[in-house]
Amino acid sequence: MSKGLVRSGPDLFSFKSAKHRAEKFLMPQKDFKKNILCIGAGYVGGPTMTIIANKCSDYKITVVDISKERIAAWNSNELPIFEPGLKDRLLKVRGKNLFFSNDIDTSIDQADIIFVCVNTPIKKFGEGAGKAVDLQFIEQTARRIKENSKSNKIIVEKSTLPVRAAATLENILHSGNEKVRFEILSNPEFMAEGTAVRDMEFPDRVLIGSKDTPAGLAARQELVDLYLHWVPKENLITTNLWSSELSKLVSNGFLAQRISSINSIATLCEVTEADVTEVSKAVGKDSRIGPKFLNAGPGFGGSCFRKDILNLVYLCEHYQLNEVASFWEQVVSLNDYQMEHYVRRILQAMFNTLAGKKLAVFGFAFKPNTGDTRDSPAIYICKRLLEEKAYLRITDPQALKNARNDLQDLENLEFVEDPYKAAEGVHGIALITDWAEYSKLDFQEIFDKMEKPAFIFDGRNQLNRLALFDIGFNVYSVGKAPLTHF
Ligand code: UDX
Ligand code: UDX
């Protein structure tokens with residue numbers, strides 16, 4: 001697979017002056033052991049390759065994308081995504097062993113290992129619409145790899161794909177192409193946004209699926225060698241291809257299922273005066289259950305959970321496992337219910353009408369420490385509140401640009417950076433994303449400038465509800481009986 005040592009690095013720059021040219025020959029050029037290519041410079045490709053470049057200075061990493069804008073942003077000071085710790089890491093390696101380029105075809109030809117990180121959204125049309133994965137970008141990428149490869153390569157599925165997608169990839173790559181061999185590996189990403197850098201630097205596990213053939217095992221070893229630069233051996237798990245592909249869907253399914261489970265109990269707590277935080281703590285203390293992903297909220301969001309579960313449902317239906325499909329579908333239905341329940345609680349608390357009332361929305365990103373709003377519960381909740389004829393002032397430290405895009409063409413809303421200004425003169429506050437800065441706000445000052453009675457709907461149980469109640473707020477925390485002054 002390997003082409004041996006690759007001379008690269010400073011060669012890529014055009015040295016304009018004679019002085020530079022002289023220096024170029026005086027300076028020893030760096031030899032790279034491998035050429036790694038990543039196709040897709042998004043939330044997954046960018047951070048993943050930045051960490052690999054930091055940890056593997058002997059590998060040359062190139063990231064390409066069909067979007068010129070994205071590549072330009074990765075080459076600038078304004079990175080296309082916000083991710084804590086990413087910029088520091090990127091600046092250490094960009095131009096040294098990490099390069100962002102639009103030259104997809106040449107980069108394919110030069111690569112030993114190609115990570116496929118293009119997006120795999122839910123299909124919006126035709127058969128499987130709303131459930132199946134839209135594989136058109138994967139297929140286009142595979143065809144482009146085939147057209148531009150003159151040497152054998154390892155292809156790594158990083159994007160989340162349906163089980164047995166590797167077989168389809170292999171068919172496309174090898175059809176009509178006798179000379180070049182491609183070995184497919186599955187190496188799903190387990191990075192969560194907001195903690196992507198830490199998740200990559202200290203992964204719980206790295207999963208690598210391969211075929212059990214000599215070529216498959218050799219390819220697997222190449223990826224193992226890459227990760228061994230920083231990941232302890234015991235954290236590397238190797239499986240067959242299908243187990244690896246399926247494990248990614250199942251991991252996200254299990255995580256989302258825990259959230260839907262606790263959210264279902266939150267609703268029960270609200271009417272029985274049990275407190276979901278206490279229940280979650282009591283249940284999570286059982287070491288067989290564990291404490292993580294048991295925080296009730298307004299519903300899960302993000303680009304993965306809904307998509308991956310629906311993908312699982314579609315697969316089960318395809319194999320006519322209808323009971324299994326409906327078990328997983330229920331996780332998504334419960335999530336839809338949770339978002340709607342949050343809206344209804346606001347409506348009921350505010351005397352069954354929101355018409356003409358102003359609401360401040362605190363947080364629009366699907367979780368804190370990211371500007372990503374894909375499938376954020378805030379999108380659904382805001383649209384519903386607007387349907388009820390509320391006027392919205394939306395604030396978020398990182399996500400306002402995406403929020404504007406998500407709610408374009410809608411009226412009766414504005415986007416405000418300062419949460420104090422967002423809350424001025426409003427009847428209620430809906431806290432949807434638990435940004436740490438919201439805990440530090442002066443709620444007395446906020447309360448003083450609000451309409452009365454003042455309501456707060458803490459969708460994340462982030463704020464001190466007793467303190468808010470003492471200030472004068474009517475407090476509705478998820479999974480707890482309300483604290484009201486009526
Ligand atoms: C990833 C995974 O790939 C997806 O399977 C997983 O479930 C979620 O995370 P992500 O990195 O978040 O996707 O997607 P996105 O930020 O949209 O980035 C994908 C990039 O691929 C985009 O920049 C897009 O321009 C690029 N792309 C897409 C290509 O370069 N070629 C294509 O053919 C299609
Ligand atoms: C997820 C997986 O965690 C990650 O391993 C995978 O690779 C990509 O998908 P991500 O979607 O970035 O990561 O964020 P995650 O931290 O899993 O949160 C997803 C959603 O669940 C968010 O909307 C979050 O607010 C919500 N959540 C999470 C809860 O409502 N309660 C919890 O206890 C935890």
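These are numbered notes on the structure above.

1. Ground rules. This is a predicted model, in which local features need pLDDT of at least 70 and side-chain atom pairs count only at pLDDT 80 or more, while totals for chains, interfaces and linings use all residues. Residues are numbered from 1 along each chain as its sequence is written, and chains are lettered from A and ligands numbered from 1 in the order in which they are written.

2. Overall form. The protein has 18 helices and 16 strands. Both are DSSP runs, numbered from the N terminus: helices are H or I with at least four residues, strands are E with at least two. The C-alpha atoms fill a box of roughly 75 × 60 × 45 Å along the principal axes.

3. Burial. Of the 486 residues, 44% count as buried (20 or more other C-beta atoms, placed from the backbone, within 10 Å of the residue's own).

4. Domains. Domain 1 covers 6–231 and domain 2 covers 305–477; the bounds come from an automatic or database domain assignment. Their C-alpha centres lie 35 Å apart. Domain 1 gives 16 residues to the contact and domain 2 gives 14 (contact: C-beta atoms, placed from the backbone, within 7 Å).

5. Ligand 1. The ligand is surrounded by 22 residues, and the closest are G40, G42, Y43, V44 and S159 (near: C-beta atom, placed from the backbone, within 6 Å). Helix α6 (residues 136–148) gives the most to this shell, with three residues.

Notes. Two residues are in contact if their C-beta atoms, placed from the backbone, lie within 7 Å. A residue is buried if 20 or more other C-beta atoms lie within 10 Å of its own, exposed if 12 or fewer, and partly exposed in between; C-beta atoms are placed from the backbone.
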